[in-house]
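Take a moment to look over the model below. We will walk through it one region at a time.

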Amino acid sequence: MRYAWLPCLKSPVPETLKRPLSVADHEARQVADGVCFAVDRDMGEGYKLEKAGDGYRITGGETGVLYGTYALVRALAAGDPLPEGVQKPFYPLRMIDCWDNMDGTVERGYAGRSLWFEGGEFRYDPARIRQLGRMLASVGINALCVNNVNVHAPAQQLIGWLLPDLAAFADILRPFGVRLMVSVDFSMPLQCGLDTADPLDSRVQAWWNARADAVYAAVPDLAGFLVKADSEHRPGPNAYGRDHAQGANMLARALKPHGGVLVWRAFVYNCMQDWRDHSIDRPCAAYNAYMPLDGRFDENVILQIKNGPYDFQVREPASPLFFGLRNTRTAIEYQLAQEYTGHQIDLYAMPPMWREVTDCIGKEAVQAIAAVSNLGRDENWFGHPFAALNLFAFGLFAWDPDSAPAALIGSWAKLTYALPADQEKTLADMLLGSRAVYEKYTSPLGLCWMVQPGLHYGPNPYGYEFDAWGTYNRADRNGVGIDRTAAGTGYACQYPKELADAYGDPARCPENLLLFFHRLPYTYRMKDGRTLIQRIYDDHFEGCEAAEAMRRDLQGLALPEPDRAEALERMDKQARNARNWRDVINTFFHRFSGIDDEKGRVIYD
Ligand code: GCU
């Protein structure tokens with residue numbers, strides 16, 4: 001078993017560690033002499049680090065001293081100064097959502113099978129789960145949702161006869177300050193003898209109250225329930241003519257006496273759309289559904305909203321709900337699993353994207369932060385050894401959303417590999433630029449969805465064009481993109497005026513979102529004077545060349561084995577993928593536009 005970062009922590013975590021303080025003590029002993037702890041319960045997750053004689057003093061709440069210890073470990077290992085003053089997390093809930101199924105598969109998992117489910121039950125190596133707890137705690141992640149938001153049987157039984165197993169699993173992660181969450185099926189009362197799951201039926205409320213009592217008797221510190229309802233065929237309150245506030249509040253009331261939160265996903269849209277019907281525009285859906293409900297959710301409901309209005313695409317604008325909702329507690333949901341961003345084969349470091357979103361919406365726009373996990377049972381946990389960066393950086397970003405992407409990436413590279421300084425910089429630069437490279441050779445200028453249907457890796461520009469998912473680019477011989485301005489679907493008008501005006505005007509719209517908001521002819525002039533079609537060709541040639549350059553850079557890095565071999569093998573696949581994207585996309589647009597590349601490069605027809 002390999003440990004993804006903090007390689008300085010060599011000795012395994014002992015079998016029985018009851019409280020965060022004892023974990024902290026164990027970790028501290030490995031990195032520095034003379035560390036002493038002062039527990040101040042009022043500090044909660046906060047901590048303060050100070051020099052004390054020849055050693056260090058860590059003051060903090062019970063979990064705070066743990067986070068303080070890892071911060072000390074990081075600072076000492078990286079040779080950084082100690083953070084000054086009291087450190088506190090910005091978001092109180094910092095969660096990873098694991099899409100693990102009980103048959104051992106992971107939905108959109110690219111790092112092997114589930115770390116804790118197999119054959120319809122909990123089956124895991126406790127030592128590895130302790131390592132997981134350590135990994136999460138070391139970057140401040142404090143909640144883990146154990147099962148897929150699509151709750152397939154027997155996962156419903158996580159809050160039924162599997163409760164003792166859930167409790168045993170919670171016991172392992174508790175010393176690391178990690179609380180569990182469970183995805184539940186809104187229709188579960190129907191499987192348990194009731195003839196309805198109507199949230200306004202008192203028998204349904206009573207059923208969920210009793211369930212919650214049983215769950216909290218087994219796992220008293222459960223963080224709460226996560227629900228995907230009325231979304232992609234999942235059951236929900238709409239079946240009974242009830243809205244999502246009524247559905248969410250009913251569950252929230254069952255959790256409230258136990259201090260639990262109800263995380264309700266805002267991923268609703270019509271997934272049975274007719275592509276011929278231009279009046280429906282999928283990105284409009286969530287805002288239309290949830291704005292009328294603002295202020296109607298109970299105080300222990302958190303509405304979890306994907307970062308963009310589509311579905312974790314390479315480039316989307318931030319969801320307009322982050323600007324619109326004023327009286328609802330919200331969480332932003334990212335996807336560390338690289339579903340649309342390279343399957344943990346192609347490099348795609350996410351901190352620049354998170355930072356852009358935060359800069360756009362403001363860090364106070366949400367009260368919690370969650371991300372779909374990229375973990376799995378592979379020996380290196382992440383499929384690609386560098387994909388570890390995204391989990392590491394997510395934890396630290398959730399703690400401090402002002403973190404600079406370059407600092408997060410540099411810190412991961414330093415803590416993970418003891419490379420000479422110039423090589424460390426090459427690796428960090430490669431990762432920092434990796435999103436831009438991926439974006440260039442894949443779907444152009446915010447267009448989205450030009451992927452292989454179902455798989456979501458590799459190009460297929462018309463793969464989702466005549467499908468039911470609302471995922472169209474409407475490319476033809478005249479142009480490409482969808483008009484989402486006031487004159488079009490009106491999506492741009494869901495933003496505050498200043499942003500709506502900018503998005504609505506092709507001259508002021510950020511160019512990387514141009515085709516998200518506008519339908520334009522191939523001869524449209526970009527700001528630098530190039531035509532739209534030329535920009536598409538150039539991006540694809542440049543992206544592909546950049547992937548080749550990354551491969552050369554990678555070859556020059558003295559990474560330890562097996563990371564080096566694994567990274568090189570995946571980089572070969574990435575280079576092939578980039579060539580494939582370049583040629584398929586360029587050919588697609590060349591065939592439609594009939595316009596040749598000004599630079600005379602090869603486009604295969
Ligand atoms: C995407 C993804 C699904 C997932 C869904 C969700 O559509 O492809 O696998 O279930 O998102 O977030 O619920």
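Predicted model: local features only at pLDDT ≥ 70, side-chain atom pairs only at ≥ 80, totals over all residues.

Look at Lys228. One of its polar side-chain atoms lies 2.6 Å from an oxygen atom of the ligand. Now find Lys306. An N or O atom in its side chain is 2.6 Å from a ligand oxygen. How much of the ligand does the protein bury? Taken alone, the ligand exposes 320 Å², and the protein buries 94% of that.

Next, turn to helix H3. This helix covers residues 126-137, which makes 12 residues. From its first C-alpha to its last, H3 reaches 16 Å, close to the 16 Å expected at 1.5 Å a residue.

Is H3 largely enclosed or open? Of its 12 residues, 10 are buried, so H3 is largely enclosed by the rest of the structure. Buried here means under 20% relative accessible area. Among the buried residues are Ile129, Leu132, Met135 and Leu136. Arginines are on that list as well, including Arg128, Arg130 and Arg134. What covers them? The cover of the buried residues includes helices H1, H2, H4 and H11, along with strands S4 and S7.

Now for some backbone details. Most residues other than glycine have a negative phi, and most peptide bonds are trans. The peptide bond from Ala153 to Pro154 is cis, with omega near 5 degrees. Pro154 sits in the loop between S7 and H4. Another cis peptide bond joins Glu561 and Pro562, with omega about 5 degrees. Pro562 is in the loop between helices H17 and H18.

Glu232 has a positive phi, near 45 degrees. This residue lies in the loop between strand S9 and helix H7. Glu232 counts as partly exposed, because its relative accessibility is 22%. Trp449 also has a positive phi, near 65 degrees. Its loop runs between helix H14 and strand S14. Is Trp449 buried or exposed? Trp449 is buried, with a relative accessible area of 5%.

Notes: Residues numbered from 1 in each chain as written. Heavy atoms only, no water. Polar contact = N/O pair within 3.5 Å; in protein donor to acceptor, adjacent residues only side chain to side chain. Areas by Shrake-Rupley, 256 points an atom, 1.4 Å probe, with all protein chains shown as cover. Helix = DSSP H or I, 4+ residues; strand = E, 2+ residues; numbered from the N terminus. Expected span 1.5 Å × (residues − 1). Buried < 20%, exposed > 50% of the residue type's maximum accessible area, 1.4 Å probe, protein only. Contact = heavy atoms within 4.5 Å.
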